[in-house]
Amino acid sequence: MSGSAVSELLLSVDGVTVDYSGFKALDGFSMTLNRGETRVVIGPNGAGKSTLCDTIIGRVRPSAGRIVFKGEEIQNLPEQAIVGRGICRKFQAPGVLPSLSVRDNLALAARRDRRWWKSLGTGIPVEERAAVEEALEAVALTHRADVEAGTLAHGEKQWLEIAMVMATGAELLLLDEPTAGMGPAETSRTAQLILGLGDSRTVLVIDHDMSFVEQLAAPVTVMHQGKFLKQGSVAEVRADPQVAAVYLGHTA
Amino acid sequence: MPDFSALTARFAPVKPLLPWLLLALALVAPFALSSYDLNLLARFMAMGILALGLVLIWGHGGILSLGQGVFFGLGGYAIAIHMKLADLPDGEIPDFMVWSGRESLPIWWEPFTSPLFTLAAIVIIPTLAGALFSWAVFHRRVGGTYFALITQALSLAFATLIISRQDVTGGFNGLTDFYSIFGVGLASPGTGSALYWVTLAVLCVAFIALRWLLASRFGILLRASRDGENRVRFLGYNPTPFKVAAFAIAAMLAGVGGALFTLHAGVVSPALIGVVPSIEMVVWVAIGGRYSLAGAIVGALLVNLARDAVSSAFPELWLYLMGALFIFVVTLLPRGLAGLAKGKAA
């Protein structure tokens, strides 16, 4: 990254409310993300973490508030336009495409021109091959590049989807529970993978697993009932009595 | 579930040869079959062209259409109208119009006098109809079972429309009694086998083109949106144009198949394109194998061959038999007959 962009604003979620016929999944929620930052969002079930992701990528439209990415309001853009601006999300349940090979999954993600008539050709365009191989290496799936993604183990699927999100070249990666269903060893590898993204990418991670959050050593935003509750380091958040009451107390 | 793996293993080495074997048989057929049987085979091959389109949209796109009869009919009626007009003495209108009290040709019949217009219409009208219809549905993000139901309603509406406008469509009886195509007498020697060669050529071109398309990035994306439309959408693609393009191609193949079928059968009528025939088209492909182009052709041939044999001996039995076959395939052979050749993938 160029210059000393210490606190260059990338994303700002500003007073966003999502109303599911009376139930406010997000209730005037605000947060900001700086370029190159890794941030973890935690909160008890139903706090609105996944809805936050849904809203940023345009799957759910807010009834109030604004989402500003690189200075542009994106809350009304079509989904593919939001991806085009540089935001990509990994879903909670692995969203790999099971009947495609691992390599084809990544090639699909790495495609630069996604209009349908540009797909009338075979193979991976030359200029996208390097990105695909790089993504394969990043998640150590090179040796399984030609198997159907549906036959991968659960952890491998999670990594493949992270690699797909990376391969889109998105600046902002939303990783919704990247360690769901993983054991401690796999969780550590996932943390290494995310840390390895360095400061070229901005990463928003949603997770429950506090040991994973500690390994990321990133600032934490705590959500509760669709609202912002607290922000700080892992230690600060742990020590906060309000946070303990709504969240950590239930899971300890 | 029974274990077909022994059978599969024995069959597997033959699999790559299967399309070539079929082609060899098709090349020999005109010299080995009577003109009646050749005509029958050509009809079934025309249906095979439609079946290829179903592999594209249903097998690889996950789009179940119970309305392919509509596009089959559009192609069939286009060529039928042309032949009706071509056989007509100057200044006269088809006999069924006279019986229905009409005094002049409907204005939309006129352009079909031109062979060139008719040929273009056979390709363009079903393609355009398929594109517009599927765009209207897919861009509202309606899919799955709902889409299948809408296509079924479409085929019901289409058949009803044709029956109700007897004066311009021939109604329930359809259009029949054709004597010539592009100046060549249908009964003259050699016409039957020439039309057979045309049908075989179209089938081969469609097969090769679809094989390429399914292996292309387009085919990959089609399978991807079948398996995870949301994932595809949130990788930055708009799946709608891909699905619309696939549906339009399938509609085009159905239309071309319908036109060729009409040439061979000498008739097009609502009974060939309505709700039940549209379901039967899906059954051919389910039996042959909806993921396999060669399988779908084999399915169309075998099922229609069986239909011809059974329904001439026991007319009432056929629907039951087809239902039973369908249930057998869906429960035991989800990949159809082609699944037997597919290898051991569970």
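In which helix is the place of S211(A)? S211(A) lies in helix 7 (residues 210–216) of chain A, where helices (H or I, at least four residues) and strands (E, at least two) are DSSP runs numbered from the N terminus.

## Basis of the model

This is a predicted model, in which local features need pLDDT of at least 70 and side-chain atom pairs count only at pLDDT 80 or more, whereas totals for chains, interfaces and linings use all residues. Residues are numbered from 1 along each chain as its sequence is written, and chains are lettered from A and ligands numbered from 1 in the order in which they are written.

S211(A) is exposed, with 12 other C-beta atoms within 10 Å. A residue is buried if 20 or more other C-beta atoms, placed from the backbone, lie within 10 Å of its own, exposed if 12 or fewer, and partly exposed in between. The C-alpha atom of S211(A) is separated by 8.9 Å from that of T187(A), and the two residues are 24 apart along the chain.

## Buried helices of chain A

Helix 1 (residues 49–56) of chain A has eight of its eight residues buried, so it is largely enclosed by the rest of the structure. Its buried residues include K49(A), D54(A) and I56(A). Just after this helix, G58(A) takes a positive phi of about 90°.

Helix 3 (residues 102–110) of chain A is likewise largely enclosed by the rest of the structure, because nine of its nine residues are buried. Among them are V102(A), R103(A), D104(A) and L106(A). The buried residues of helix 3 pack against helix 4 (126–138) and helix 5 (154–167) of chain A, together with helix 10 of chain B.

## Contact between the chains

The contact takes 22 residues from chain A and 20 residues from chain B, two residues being in contact if their C-beta atoms, placed from the backbone, lie within 7 Å. On the side of chain B that touches chain A, the elements giving two or more residues are helix 10 (217–233) and helix 11 of chain B. Helix 10 of chain B supplies the largest share of that side, ten residues.

By class, the side of chain B that touches chain A has eleven nonpolar, four polar and five charged residues. In this classification Ala, Val, Leu, Ile, Met, Phe, Trp, Tyr, Cys and Pro count as nonpolar, Asp, Glu, Lys and Arg as charged, and the others, Gly among them, as polar.

## Helix 11 of chain B

Helix 11 (residues 239–265) of chain B has 27 residues and reaches 38 Å from its first C-alpha to its last, close to the 39 Å expected at 1.5 Å a residue; the expected span is 1.5 Å times one less than the number of residues. Of the 27 residues of helix 11 of chain B, 24 are buried, so it is largely enclosed by the rest of the structure. G266(B), which follows helix 11 of chain B, has a positive phi near 75°.

## Helix packing in chain B

Two packed helices are described by the angle between their axes and the distance between the axes. The axes of helix 4 (residues 68–86) and helix 6 (residues 115–138) of chain B come within 9 Å and cross at roughly 165°. Axes are lines fitted to C-alpha atoms, for helices over the stretch in contact, and angles run from 0 to 180 degrees between N-to-C directions. Helix 4 and helix 6 of chain B are therefore roughly antiparallel to each other (angles under 35 degrees count as roughly parallel, over 145 as roughly antiparallel, 65 to 115 as roughly perpendicular and the rest as oblique). Residues of helix 4 of chain B, including F71(B), L74(B) and H82(B), meet residues of helix 6 of chain B, including T118(B), I122(B) and G130(B). The residues of this contact of helix 4 with helix 6 of chain B divide into ten nonpolar, four polar and no charged.

M83(B) also belongs to helix 4 of chain B and counts as buried, with 24 C-beta neighbours inside 10 Å. Not counting residues up to four places away in sequence, M83(B) touches F178(B) and I181(B).

## Positive phi in loops

Most residues other than glycine have a negative phi. S21(A) has a positive phi of about 35° although it is not a glycine, and is found in the loop between strand 1 (9–20) and strand 2 (23–34) of chain A. S21(A) is exposed, with 4 other C-beta atoms within 10 Å.

D177(B), also not a glycine, has a positive phi of about 60°. D177(B) is found in the loop between strand 1 (175–176) and strand 2 (180–181) of chain B, and counts as exposed with 12 C-beta neighbours inside 10 Å.
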